[in-house]
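These are my notebook entries on one structure, kept in the order in which I looked things up.

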Amino acid sequence: MNFRTYFQSGGFFQGYAYAYPHKMAYQRLEPALPLRDLWSGEDRSALFLYAHIPFCEMRCGFCNLFTTTGADDPLTRRYLDTLERQVEQVHEALGPDAQFARGAVGGGTPTFLAPEELDRLFNILNRFQRAPHMPLAVEMSPGTVTTDRLAVLKHHRVTRASIGVQSFIESETRTLGRPQKIDKVRQALGTLQEAAFPVLNIDLIYGMQGQTTASLERSLNEALSFTPQEIYLYPLYVRPLTGLHRIGREPMDERMDLLRHAVDFLTSKGWRQVSMRLFRAPGYEPPEGPVYCCQEDGMVGLGAGARSYTTRWHYSSEYGVSQNKVREILDQYLRTPSSQFAAADYGCGLNDEEQQRRHLIKSLLRNDGLSHAEWSDRFQRPVMEAFPHLTELMEEGALRDTGDHLQPTRRGLELSDVIGPWLFSDAMKARMSAFELS
């Protein structure tokens with residue numbers, strides 16, 4: 001389908017291509033593939049380390065992430081016990097030369113863990129070799145920001161604290177199925193300011209019922225008052241099996257108007273738009289460190305719900321959204337014999353074309369775009385030869401060729417949630433449509 005028709009069929013908000021392929025394209029791998037074989041031919045000098053903590057205080061109405069609520073101390077201890085067993089197997093499979101250039105702990109809410117559990121978590125992850133000054137990010141929620149937890153994060157050299165606020169207006173967060181007291185949010189942000197992590201990121205959402213450009217600007221202004229280095233601004237999606245989907249609460253049609261207002265507001269304050277969702281403060285540049293390229297290098301995912309990828313294979317535990325399915329997958333993870341962590345049994349292979357699509361999608365959805373030289377060095381032919389239909393994006397005013405790069409324009413960034421899924425291959429779309437979400 002040509003781009004114009006695809007856009008007209010679904011509008012600006014058709015899907016967030018945060019990863020390619022989506023986990024709904026994964027299938028059972030039979031036989032299971034030994035991790036030692038998967039990683040043997042890979043460059044392991046600058047890997048990404050990701051650990052998933054699938055526990056939250058509450059399940060937000062918009063959330064379709066792999067997480068559960070109501071975890072007690074015995075469950076979190078068992079989870080860390082299992083994670084430690086997995087780390088030992090993965091460490092052995094990667095070999096002694098593996099080094100990590102970036103790291104993140106997400107969820108769920110990692111800071112749901114008690115301080116002593118957080119300390120144990122990082123001690124487990126320290127089994128891997130970290131590059132000097134490795135950037136390390138941790139996600140958190142306002143209700144879990146405490147001085148003793150933050151002290152653990154500082155001790156383990158966490159460099160980026162990311163907090164999900166969504167809105168500073170209580171009536172708006174209630175419509176998201178996330179009741180929270182704004183005084184508690186402000187207290188948490190004040191505590192984070194005092195902790196002085198190198199990078200503070202605040203997540204906000206636009207498109208909930210009752211939101212206006214004025215109320216969004218009010219939330220942005222309050223976010224700026226805490227001097228973050230980054231803001232992620234997410235459009236509201238109501239996905240199947242989420243709380244909002246069950247009650248039939250759809251996002252507003254004014255999401256693009258809200259985004260445009262936010263872009264104008266932030267750029268007028270000197271902020272730089274990096275992608276459709278990411279904005280950086282004036283004068284702020286990410287800290288220098290080992291180079292990690294998400295288009296090319298590998299990620300090692302640990303824990304139930306985490307995904308890993310090599311050049312040729314992406315793999316993870318199974319994918320589910322409902323609480324019953326999440327608990328089922330979590331229970332399977334906890335019962336996994338240690339030896340089984342040495343192989344991948346659920347995932348997706350990427351042939352040459354799919355590797356090119358992944359590189360393309362991951363590049364075109366950021367303002368620096370796709371480097372012609374890097375593409376040619378890797379794939380041995382011009383990108384326009386591989387994907388001639390990219391001319392449609394140029395005709396749309398979404399893409400420009402600077403000679404060195406293919407770069408999205410402002411309109412291109414606005415169209416990110418159309419461009420991403422439009423570039424999915426027919427094969428991956430078929431696998432995703434055949435997936436039975438539960």
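**Helix packing, cores and strands**

I began with two helices (helices, H or I of at least four residues, and strands, E of at least two, are DSSP runs numbered from the N terminus): helix H5 (residues 147–155) packs against helix H7 (residues 182–195) at an angle of about 35°, with the axes 11 Å apart. For these values, axes are lines fitted to C-alpha atoms, for helices over the stretch in contact, and angles run from 0 to 180 degrees between N-to-C directions. I noted that this is a predicted model, in which local features need pLDDT of at least 70 and side-chain atom pairs count only at pLDDT 80 or more, while totals for chains, interfaces and linings use all residues. Residues are numbered from 1 along each chain as its sequence is written, and side-chain values use heavy atoms, with hydrogens and water left out.

I then looked up which residues meet between H5 and H7: Thr 147, Leu 150 and Lys 154 in H5 are in contact with Thr 191, Leu 192 and Ala 195 in H7, contact meaning heavy atoms within 4.5 Å. By class, I find three nonpolar, two polar and one charged residues in this contact of H5 with H7; Ala, Val, Leu, Ile, Met, Phe, Trp, Tyr, Cys and Pro count as nonpolar, Asp, Glu, Lys and Arg as charged, and the others, Gly among them, as polar.

Also in helix H7 I checked Glu 194. Glu 194 is exposed, with a relative accessible area of 69% (buried means under 20%, exposed over 50%, and partly exposed in between, with a 1.4 Å probe and protein chains only).

Next I turned to the nonpolar cores, a core being a set of buried Ala, Val, Leu, Ile, Met, Phe, Trp, Tyr and Cys residues joined through side-chain atoms within 4.5 Å. The largest has 125 residues, and Ile 163, Leu 189, Leu 192 and Leu 390 have the most contacts inside it. Helix H3 (residues 73–94) gives the largest share of this core, eight residues. A second, separate core has nine residues, including Phe 62, Leu 176, Ile 205 and Met 208. I listed the neighbours of Ile 163, leaving out residues up to four places away in sequence, and found among them Met 140, Val 145, Leu 189, Leu 192 and Ile 202.

Which residues touch Cys 348, not counting those up to four places away in sequence? They are Pro 21, Ala 25, Tyr 26, Leu 29, Arg 312, Trp 313, His 314, Met 428 and Arg 431. Cys 348 lies in strand S15 (residues 343–349) and is buried, with a relative accessible area of 1%.

S13 and S14 form a hairpin, with three residues between them.

Last, I looked at an open, antiparallel sheet of three strands in the order S16-S18-S17. Strands S16 (370–371) and S17 (399–401) stand at the edges with a single partner strand each, so one side of each has no neighbour in the sheet.

Note on methods
Two strands pair if DSSP finds at least two bridges between them.
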